[in-house]
Amino acid sequence: MLDSLFSLKGKKIVFTGAAGVLGSAMCKYLAANGATLILLGRTASKIDSLKIEIIEAGWKAESYAVDVTDEEALVQLTDKLAAKFGGIDILINGAGGNMPGAVIRPDQTFLDLDSDSLKKVVDLNFLGTILPTKALLPLMLKSGKGNIINISSMAASRPMTRVMGYAAAKAAIDNSTKFLAVELATKHGADFRVNALAPGFFLTEQNRSLLTEPNGSLTQRGNQIITHTPMNRFGNPEDLLGTLHWLCADASAFVTGTVIAVDGGFSAYSGV
């Protein structure tokens, strides 16, 4: 019974933003558990390298370079995937991130916010989730079932200093996750579900300089975060895998419209 509830064998999983620190760890884990990974990313060399690593380990993966904010390119990709795979079982919207121009540094004010960078961050995080979902949903409709997992953030529910654009875009992810859960289940059936995974603070390429000094010690911001995390550490990529596995598996078949925090208690801590 447990094997069938948690089995990922044979599931075809599309993963956007696959080559990041967290994304690559999740992709390798899912492939190791029997899924076929369809890796999407903007930089071909990065996702091709991840594909090779997965295949050399004896698992299954394909890779396709695509910009998740380019709707036309996503539609063309969907045609390719339909021809090769027929349908898909799971879409994990892992593409996202921030950029320096959209961050308000301590020596800046809101008036210094770069509008072009802000738009790019919102487009990447919000449209970069909505557009792949819209393009790839027909591959799920074809098989009469589908499972979509978005990647949110602690910044969505607890607005933080500096990262207004990123936080607002992730808040939109939480909202659209709930919207799509209702939309798909009521119009296409109970076998369609949409949830989100909300990581706490993990060290990635994009936030490492904000949280740690060049010598590895914590910055002021890093210290503030650890102080407000009851488990007193940053997350490791492996900390996401159990929850991700559950959301991908039939064990969570009656779960939809949820945003699940994996944050070491950060969202539960009031500071007193």
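## Helices α2 and α10

Helix α2 passes helix α10 in a right-handed crossing, where right-handed means that the near helix is turned clockwise from the far one by less than a right angle, and left-handed that it is turned anticlockwise. The helices named here are DSSP runs of H or I with at least four residues, numbered from the N terminus. This is a predicted model, in which local features need pLDDT of at least 70 and side-chain atom pairs count only at pLDDT 80 or more, while totals for chains, interfaces and linings use all residues. Residues are numbered from 1 along each chain as its sequence is written, and side-chain values use heavy atoms, with hydrogens and water left out.

Two packed helices are described by the angle between their axes and the distance between the axes. Helix α2 (residues 21-32) and helix α10 (residues 241-248) pack at an angle of about 55°, with their axes 11 Å apart; the axes are lines fitted to C-alpha atoms over the stretch in contact, and angles run from 0 to 180 degrees between N-to-C directions. That angle makes α2 oblique to α10, since angles under 35 degrees count as roughly parallel, over 145 as roughly antiparallel, 65 to 115 as roughly perpendicular and the rest as oblique. In α2, the residues Ala 25, Met 26, Tyr 29 and Leu 30 meet Leu 241, Leu 244, His 245 and Cys 248 of α10, contact meaning heavy atoms within 4.5 Å. The residues of this contact comprise seven nonpolar, one polar and no charged, where Ala, Val, Leu, Ile, Met, Phe, Trp, Tyr, Cys and Pro count as nonpolar, Asp, Glu, Lys and Arg as charged, and the others, Gly among them, as polar.

## Helices α5 and α7

The axes of helix α5 (residues 115-141) and α7 come within 8 Å and cross at roughly 20°, and the two helices are therefore roughly parallel to each other. Their crossing is right-handed, and the residues of the contact divide into 14 nonpolar, six polar and one charged.

## Ser 176 in α7

Ser 176 lies in helix α7 and, at 8% relative accessibility, counts as buried (buried means under 20% relative accessible area, exposed over 50%, and partly exposed in between, with a 1.4 Å probe and protein chains only). Leaving aside neighbours within four places in sequence, Ser 176 is in contact with Phe 126 and Ile 130. A polar atom of the Ser 176 side chain lies 3.2 Å from the backbone oxygen of Ile 173.

## Two residues with positive phi

Most residues other than glycine have a negative phi. Arg 162, however, has a positive phi near 80°; Arg 162 lies in the loop between α6 (154-157) and α7 (164-188) and is partly exposed, with a relative accessible area of 22%. Asn 232 also has a positive phi, near 60°, and is found in the loop between α9 (220-227) and α10, where Asn 232 is exposed, with a relative accessible area of 53%.

Key: Polar contact = N/O pair within 3.5 Å; in protein donor to acceptor, adjacent residues only side chain to side chain.
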